[in-house]
Amino acid sequence: MTDHSDKPAYAYTEDKKNPIGFLRSEEQMAREWEVKTQTVKALQDEIKQCFRREGTNHYQNCRELTLLYRTMIKDPYFNSYKPPPSE
């Protein structure tokens with residue numbers, strides 16, 4: 001099996017004159033979007049389990065998970081296919 005950890009992540013480019021670079025950046029963005037989506041789904045499952053486990057104390061005991069979830073989905077670039085302008 002090939003180890004792909006040494007390959008660089010491709011920076012986002014809108015330059016369609018370089019089709020290979022453009023497609024690589026599109027593929028990298030799709031991978032990053034999928035990772036973000038799966039991370040949020042896993043966090044949702046953790047919050048559900050915490051609510052069920054803690055019962056009436058879930059307001060205090062699950063607060064950190066809930067705040068993390070809220071910060072992730074409040075990010076204006078969470079569902080965006082393009083990366084934030086600073087990258």
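**Note on the salt bridge and the disulfide**

1. Glu-54 is partly exposed, its relative accessible area being 24%, where partly exposed covers the range between buried (under 20% relative accessible area) and exposed (over 50%), computed with a 1.4 Å probe on protein chains only. This is a predicted model, in which local features need pLDDT of at least 70, side-chain atom pairs count only at pLDDT 80 or more, and totals for chains, interfaces and linings use all residues. Residues are numbered from 1 along each chain as its sequence is written, and side-chain values use heavy atoms, with hydrogens and water left out.

2. The partner of Glu-54 is Arg-53, with which Glu-54 forms a salt bridge whose closest N and O atoms are 3.3 Å apart; the term requires a side-chain nitrogen of Lys or Arg within 4 Å of a carboxyl oxygen of Asp or Glu. Arg-53 counts as exposed at 56% relative accessibility, and a search of the whole structure finds one salt bridge.

3. The count of disulfides also comes to one, a disulfide being a pair of cysteine sulfur atoms within 2.5 Å. Cys-50 and Cys-62 form this link, with their sulfur atoms 1.8 Å apart, and the link is left-handed, with -95 degrees about the S-S bond. The pair joins distant parts of the chain, 12 residues apart, with Cys-50 in helix α1 (residues 19–54) and Cys-62 in the loop between α2 (58–61) and α3 (63–74); helices are DSSP runs of H or I with at least four residues, numbered from the N terminus.

Note on methods. Helices (H or I, at least four residues) and strands (E, at least two) are DSSP runs, numbered from the N terminus.
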